[in-house]
Each structure stands twice: as C-alpha cells, then as structure tokens.
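Q: I am new to this structure and would like to learn how its features are read. Could you take me through a few of them?

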Amino acid sequence: MNNNNTFLSVFSAIFIIIFAISAQAGNKGLMMATTTSTDGTGLLDYLIPYFEKETGNMLKWTATGTGKALKLGQNCDVDVLLVHAPPSEKKYIAAGYGKDRREVMYNDFVIIGPKHDPAKIKGKNISDALTAIKNKQAVFTSRGDDSGTNKKEKLLWKNAGIEMPDKEAWYLQTGQGMQATINVCQEKMGYTMTDRGSYIKYESQKGGHAPLKILVEGDSILLNQYSVLTLNPNNCPNANYTLALQFSDWMASQKAQNLIKDFRLLGKELFIPNAK
Amino acid sequence: MDYIVAGFFKAFELLISGDNATWSAVWVTLKISTISMLLSIGAGLPCGFLIGYFDFKYKKHLRTLLDTMLALPTVFIGLAVYAFISHHGPLGELGLLFTLTGIAIGQTILAFPIVTAITASTIESIDDDLKLTLVSLGAGKRNILATCLWEVRYGILAAAVTAYGRVLTEVGISMMVGGNIKYHTRTITTAIALETNKGMFADGIALGLVLISIAFIVNLSLSFLRKQ
C-alpha cells in the first residue's frame, strides 16, 4: 500500500497549501476605474505609490475606456473614477451617478500618421485633415470602444461635417486600448487620433524613431481634460466616498501636481497638471 | 523578429532579477488555478462518478449537455459571472467583482464540465467483470465503491491535469471578472494581453514562456507521481 500513501499524502499536502493560501484576507482599500491612457503610459504606476505612502491607503485600479469606467461607477463596482470625457462627465453628475468633479491635468489629442503622409494632412486644421483622409480613403484606425478618446474623435468627424464612418473599408475600429490601436495603425501605415501622452509612450518604446509622426496638433478643440470623479453616495451608499474625496484632494494637491509635471518620457511631459 | 529572441532572454531576466510584478502575476496565477482546479474536482468528481456509475433514463441527454458545456467560451462565462457579481447584480452585495474569489468562481464553472466528463468516461471504462468479481468475493457496496475509485485514480489525475491546464491558460474570465489589477488580480495571461496591447511584445513572450514552464513542471511532477 506504499502506492496509496504517496497518493494520499500528496493530495493532503495540496489541501493544506490551499487552506494556508485562503487564510490570507485581503485589505479592500480604494478601487478606481480609469482610462487606458493613464495606465498604459505608466503614470499611475509612478504616481499611486506616493499616494499610498502618504495616506496609508491602498488604491487599486482597473484600466478600461472612459465609457466602461463610467458604467462601472454607475453600477457601484468601483469607488472613484479618473476619466477624460468632460461632456459625458457632466451628464453623469446631472443624472445623479457622480458627485464631485475635479479637473486635475490635461494633455491634448493629436492626429498621427506615416511620415510620407499620403493624404497630405500635415499642418492642416483638424476638419480639413479629416476631410482629406476621407477623400483619399486613407486607413484610419479608431478605438471604436466608446472611450473618452473615441467620443472626442466622433465629435471631430461631426464638426468636420462628415457622416460618421462605420463600415467603410478604410475605417478600422479596433475596439482596444490606445497603445494597441496605435500598433494596429502602424502595421497598416494609417492615421489615428491619440492623446499626446500615449503617443510619447509609443515614441519612447520605438526608441524615438517611431514610424508614425504627429501631423495635426494645436487646435483648441483637441484639448484633453482629465478629471477625478467621486460617486454620488445616494446612488452608491457602499462606495467609499470619504476615501474617494481624499484621493481627489490629493490629486489636486501641490505635491501630486508637481509629481505629474515631473513624469516625463524622452524628456517630454505627458500630462500637464491644471488643478484649481 | 528580434523581439522573439529578446523575449526569451527577458523571461530569464524577469525571473532571476525577482521582478515584483512578474512574480506577483506568477503567484496569483498559481494560487487561483490551484483553487479553481480543486473546487472543480470537489464538485465534478461526485457528479462524474454518478453519471458514469449508474444507468438512468436521460443519461445520454445529460452527456450531450455536458459535452456542450466543454465548449463554453471563457468570455461568455466571464460576462455571466460579471453580471451576477456586479454591484447591481443578484450577488452584488458580496463584493466579489475584481477579486480572486470572483475569478475562482468563473474558472470553477469553466473546469467543472471537464472534470465531470473525464471522470464519467473513466468510470464507464471500468470493466464490468471487476464489479462481478468483487461481488463474488463477497465485497460490500462500500468496498466496491472504494475499489472502483482506486482503479480509476489515474483517470481522475488526468481530469485534474486537464482542468489545471484549462484554468491556467484562460484569459477571458480573469480579464472580465478580475479587471487585470496589478499586484492583485493580474494573472500571467492578462499580463500578456496587457503587454501586447502596450506593444511590449518581448515582455509578453517572456511571460508566455513562464506560463509554459509552469505547465511543464506540473505535468512532469504528475508523471513522476504516476511512476511511483
């Protein structure tokens, strides 16, 4: 029966390990839903440890598009939001889902594309550039995920007086995050709209020799404002409102604002602090 | 092409340098896969035994249903579990979304039909003569049961390994239910998805190699156990 014993002892050993593991209870802390641009650029990995160290609170985050982040807040699955779609955010608060909205930093959206620029958009204003891309039927990759970036892009097509492309062969909706969309764009040698932070991150990954370049920038409509939103305690009584507010205050503090300013890749600022 | 080679070296670099994020993902993956595998065995073994051991009216239909469940896509399980444990879902009060427990629930649902189906097939494969022999030797019901289970131990082991392989490598449930939270619910597979999204292919390949190594070690130790 030696056989039998080996078998049983291995199984009981596994069970003991499992019990030991499940005995570790986790501290819940603060849960945040945020956008792929704040996570993918590495900003949060850099910034959040300072918050945790200073306040003694643990903060976890999940990175999705702004659309889904808002939805997670509406369903009370998180405690606080860091998002970038001001019109949707204001509607969100009006609908009773969000409570306090604090603008903490911004960067801008840019249109990037291949250096040889087949649609000749370089230096054009944003509406003319989109019209040129459409007329040339040049490949344009879109997030297509109802994120903050995607919402802004839709607005730009509308402003340019172009019917929202959808099934057109040149218009590719990736349904993925910003970095993934830039990568698809690079493979297709197409154009895309991105926030400047994500572009600098991509540029630094390519060691400063990125095949895609910034072609259109600087229009005031391209401003990309990031805000911290707390959830309305009336809608989500179980969400940690006090801690959410503390995080919101901290993000607006001089210390955090300086940290955001100091976050650079290739010597370039990815986000510009602007808390009031 | 160079990122494939780079990935290979990066794998060693990440593991040897004791990179926190990597080891955390490895640990989370092992922990969650082991728990899910054991839970699915706890539930699937008795069910598979009952289905395999006894003959009953709708046995064939049940087997068809079970075989269909083998093909359940992980993203669908992820979505279903998400809907149930989201704060506004029926089990929302438990606060299971974005926790390892949530992932374990989904992965157990994924592995349960695998364990059940393999156990049932193994039990069915037991020679009827064995039962007859046991009865003629005067064995009681409990003895017959115990002997049958002992006879199929390697089949059960195979069920466990298959279930482990499935939950170890799934990404849909971990991503949707776990939320890919660094140091908490980030598994090796969700980390690979993230690195690929970020365009960090070498890091993704490195993590993939780690995952394959784990699967290899698990299988190796089990084949060692079988030889004993």
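A: Angles between axes under 35 degrees count as roughly parallel, over 145 as roughly antiparallel, 65 to 115 as roughly perpendicular and the rest as oblique. The axes are lines fitted to C-alpha atoms, for helices over the stretch in contact, and angles run from 0 to 180 degrees between N-to-C directions. This is a predicted model, in which local features need pLDDT of at least 70 and side-chain atom pairs count only at pLDDT 80 or more, while totals for chains, interfaces and linings use all residues. Residues are numbered from 1 along each chain as its sequence is written, and chains are lettered from A and ligands numbered from 1 in the order in which they are written.

Q: At what angle do the axes of helix H10 and helix H11 of chain B cross?

A: Two packed helices are described by the angle between their axes and the distance between the axes. In chain B, the axes of H10 (residues 188–197) and H11 (residues 201–227) cross at roughly 165° and come within 8 Å; H10(B) and H11(B) are therefore roughly antiparallel to each other.

Q: Which residues of H10(B) and H11(B) meet?

A: Residues are in contact if their C-beta atoms, placed from the backbone, lie within 7 Å. Among those that meet are B:Ile188 and B:Ala191 in H10(B), and B:Phe201 and B:Leu207 in H11(B).

Q: How many residues of chain B are in contact with chain A?

A: On the chain B side there are 19 residues, in contact with 21 residues of chain A. Helix H2 (residues 20–53) of chain B gives the largest share of that side, four residues.

Key:
Contact = placed C-beta atoms within 7 Å. Helix = DSSP H or I, 4+ residues; strand = E, 2+ residues; numbered from the N terminus.
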